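Please examine the protein shown below.

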Amino acid sequence: FIAGFLLNLTRDGATAFQLMERVMEDVGLLDFFTDGMPLLQDCLAAYDSMALRKCPRAVEALEEADIISAMYAVPWMACCFTTVFSTANLIDIFDVVFKDGGPAMVVAVCVSLLTCLEARLLEADSSDRIAMLRNPEDHVQCSQVVEHAQQIVAEVPDLLDPFDEEADVADEHDGEAFKAHETLLGPNFSEC
């Protein structure tokens, strides 16, 4: 999904490849996709911690509806939001991820997105909550999400630091939890 977005954006394979290389290596997202997905696991753990602090009522409402964070946050992160935002909004998100912090900013955008959705999620039933998480762009303003994400990173610049030292976040989020994404995105998720 990320490569497809970049190719669609640039209309040039060589440029898209260079941008993809930058996303993976320079921005630091490569370990989202390496064996065991260590960075993705760390980011999900950081997301869970930060979401619980920033929007506990939304987290509680989702958990009561049996919607765990791996079902929506993993696809958001692994696909770098390409499945939930239009090209115009993705450019704003990619700008802030490239410029302001790579993986930590990806986590912050996820937390910001949930925070911006919180009031609507609390009013919705389970099926509407799932729809909102699949298509958050229909319910939030991207500029507000980006601005709030920048505030989160400014408040917590070491957002991922506590997880860098932990050897195994997999105990908290076992491999089965990561398969829950198929409920929201379907089996083609691995194409990110």
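The following questions and answers concern a predicted model.

Q: How many helices and how many strands are there in the protein?
A: From the N terminus on, the order of elements is α-α-α-α-α-α-α-α-α-α-α-α. The count is therefore twelve helices and zero strands.

Q: What percentage of the residues in the protein is buried?
A: A residue counts as buried when its relative accessible area is under 20%. The protein has 192 residues, and the buried share of them is 49%.

Q: What percentage of the contacts with a separation of 6 or more is between residues 24 or more positions apart?
A: Contact here means heavy atoms within 4.5 Å. Among the contacts in the protein with a separation of 6 or more, the share held by residues 24 or more positions apart is 78%.

Q: Are H7 and H8 roughly parallel or roughly antiparallel to each other?
A: Two packed helices are described by the angle between their axes and the distance between the axes. Helix H7 covers residues 102-123 and helix H8 covers residues 126-134; their axes lie 10 Å apart, at an angle of about 155 degrees. Angles over 145 degrees count as roughly antiparallel. H7 and H8 are therefore roughly antiparallel.

Q: Which side chains meet in a salt bridge?
A: Side chains of opposite charge can pair when their charged atoms come close. A search of the whole structure finds one salt bridge. Its N to O distance is 2.5 Å, and the side chains that meet are those of Lys54 and Glu155.

Q: How many residues apart are Lys54 and Glu155?
A: Lys54 is in helix H3 (residues 38-54), whereas Glu155 is in helix H9 (residues 142-155). The pair links distant parts of the chain, with a separation of 101 residues.

Q: Which residues does Thr10 touch, not counting those up to four places away in sequence?
A: Thr10 has its place in helix H1 (residues 2-10). Thr10 is partly exposed, with a relative accessible area of 23%. Beyond four places in sequence, Thr10 touches Thr15, Ala16 and Leu19.

Terms used:
Residues numbered from 1 in each chain as written. Predicted model: local features only at pLDDT ≥ 70, side-chain atom pairs only at ≥ 80, totals over all residues. Heavy atoms only, no water. Axes fitted to C-alpha atoms, helices over the stretch in contact; angles between N-to-C directions. Helix = DSSP H or I, 4+ residues; strand = E, 2+ residues; numbered from the N terminus. Parallel < 35°, antiparallel > 145°, perpendicular 65-115°, else oblique. Salt bridge = Lys/Arg side-chain N within 4 Å of Asp/Glu carboxyl O. Buried < 20%, exposed > 50% of the residue type's maximum accessible area, 1.4 Å probe, protein only.
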